[in-house]
Amino acid sequence: MSEQKPNCKDVMQHICESLGEELDSDKCVAIKNHLDSCQDCKSYFKTVELTIDYYKKYNVEIPQAAHSRLMNFLDLNDCE
């Protein structure tokens with residue numbers, strides 16, 4: 001994904017690439033349909049988005065151990 005705020009297509013592409021799937025594959029379509037209709041997932045992803053936005057906006061410096069735990073919790077270790 002780019003440095004800009006990703007759009008829905010970017011997010012779906014990243015999720016599907018992580019799963020080794022094409023964007024229009026059955027699995028990716030099922031994921032998109034689930035995300036469109038699941039309030040729990042919408043809330044989770046909104047929370048992740050806000051966390052990342054605050055992290056960038058306020059240029060927060062946190063200890064490396066805390067950063068590592070956050071990245072691990074968000075399953076984003078391969079993004080560093």
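Guide: Contact here means heavy atoms within 4.5 Å. The model is a predicted one. Among contacts in the chain with a separation of 6 or more, 15% come from residues 24 or more positions apart.

Visitor: Which secondary structure does the chain have?
Guide: The chain has four helices and zero strands. In sequence order the pattern reads α-α-α-α.

Visitor: Why is aspartate 24 called exposed?
Guide: The cut-off for exposed is over 50% relative accessible area. Aspartate 24 has 65% relative accessibility, so it counts as exposed. Aspartate 24 sits in the loop between α1 (8-19) and α2 (26-37).

Visitor: How far is aspartate 24 from glutamine 13?
Guide: Eleven residues in sequence, and 9.6 Å in space from C-alpha to C-alpha.

Visitor: Why is valine 60 called partly exposed?
Guide: Buried means under 20% and exposed means over 50%, with partly exposed in between. Valine 60 has a relative accessible area of 37%, which falls between those cut-offs, so the label is partly exposed. Valine 60 is in the loop between α3 (39-57) and α4 (64-73).

Visitor: What makes the nonpolar surface patch that includes Val60?
Guide: Leu50, Tyr54, Tyr55, Tyr58, Val60 and Ile62 make that patch, about 520 Å² of it. Patch residues need over 30% relative accessible area. Valine 60, at 37%, therefore passes that cut-off.

Visitor: How much of the chain counts as buried?
Guide: Of its 80 residues, 14% count as buried. The accessible surface of the chain is about 6600 Å², and carbon and sulfur atoms hold 54% of that.

Conventions: Residues are numbered from 1 along each chain as its sequence is written. This is a predicted model: local features need pLDDT of at least 70, side-chain atom pairs count only at pLDDT 80 or more; totals for chains, interfaces and linings use all residues. Side-chain values use heavy atoms; hydrogens and water are left out. Patches are made of residues with over 30% relative accessible area and no salt bridge: like charges are joined within 9 Å, nonpolar side chains (Val, Leu, Ile, Met, Phe, Trp, Tyr) within 5 Å. Accessible areas come from the Shrake-Rupley method with a 1.4 Å probe; for residues, only the protein chains shown count as cover. A salt bridge is a side-chain nitrogen of Lys or Arg within 4 Å of a carboxyl oxygen of Asp or Glu. Helices (H or I, at least four residues) and strands (E, at least two) are DSSP runs, numbered from the N terminus. Buried means under 20% relative accessible area, exposed over 50%, partly exposed in between (1.4 Å probe, protein chains only).
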